Amino acid sequence: RRLAPVLAGLSGLLIAGGAVGLPTNLPRPPHGLQTMTFPQNISGWDLATPSAAWSVDQQHSLEFMQLTYRRQDRDMHVEIVETLSPTAKLPESRLAPDDSNIWREKQTRYEEVCAAKRCIAFRHSTWQREKSQELRHIYYAYSIGRFTTESRFALRAIHGWNRLSGRSDSQRLLKLVFEGAAPDSAELSSAFLMLQSAVES
């Protein structure tokens, strides 16, 4: 009986939050042929795919954008994944190499880069090709609105709060892939922040 008022209050909050969240269950339209301007050069890396377009995965209510930047004989691969529906989930399978059967994960660690008074926390996973010393570095971060994190748990928490608040921002995964040597922190921060700004705008 002593807990009845508390339970009643929580029930009312859940009902009200559910009612507010109903309109946010509607999927947003895909970007389609919408023009997005990405930086032509990032710390000496030149955009090699200026006509890249969004691809839609209707089954999982997702859309993808893949870009390639080139510097001399090296490539920096960029992948952006966004949800179309508030109930859609960002796929964890996109965090491993496409041919992951011949790669093994050596380590994953938390890192943070800062530039222009803004910092981004991300995960850095290092993969090694079987029977060789070839390395692949994958950096990724999640975002929703202006909030960016390396934690799927934090992303889900903010996403749930936004839905209760009546907001329907898409969840986003931004991933950078480098073959061989890892990039230095300056070019990594430039890449993350410039690409993030391009998508947000």
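**Questions on terms and values**

Biologist: Leaving aside its neighbours within four places in sequence, which residues is Lys 89 in contact with?
Modeller: Lys 89 is in contact with Leu 62 and Thr 83, its neighbours within four places in sequence being left aside; contact means heavy atoms within 4.5 Å. This is a predicted model, in which local features need pLDDT of at least 70 and side-chain atom pairs count only at pLDDT 80 or more, while totals for chains, interfaces and linings use all residues. Residues are numbered from 1 along each chain as its sequence is written, and side-chain values use heavy atoms, with hydrogens and water left out.

Biologist: Why is Lys 89 called exposed?
Modeller: Its relative accessible area is 67%. Exposed means over 50%, buried under 20% and partly exposed in between (1.4 Å probe, protein chains only), so Lys 89 is exposed. Lys 89 lies in the loop between β5 (74-83) and β6 (103-115); strands are DSSP runs of E with at least two residues, helices runs of H or I with at least four, numbered from the N terminus.

Biologist: What makes a set of residues a nonpolar core?
Modeller: The members are buried Ala, Val, Leu, Ile, Met, Phe, Trp, Tyr and Cys residues joined through side-chain atoms within 4.5 Å. The largest such core has 27 residues, of which Phe 38, Tyr 69, Leu 176, Phe 192 and Leu 195 touch the most other members. α3 gives the most to this core, with 7 residues. A second, separate core of 16 residues includes Val 81, Leu 90, Trp 103 and Ile 144.

Biologist: How do you know that the span of α3 is close to the expected one?
Modeller: The expected span is 1.5 Å times one less than the number of residues. α3 has 16 residues and reaches 22 Å from its first C-alpha to its last, against 22 Å expected, so the span is close to the expected value. Buried residues of α3 include Phe 192 and Leu 195.
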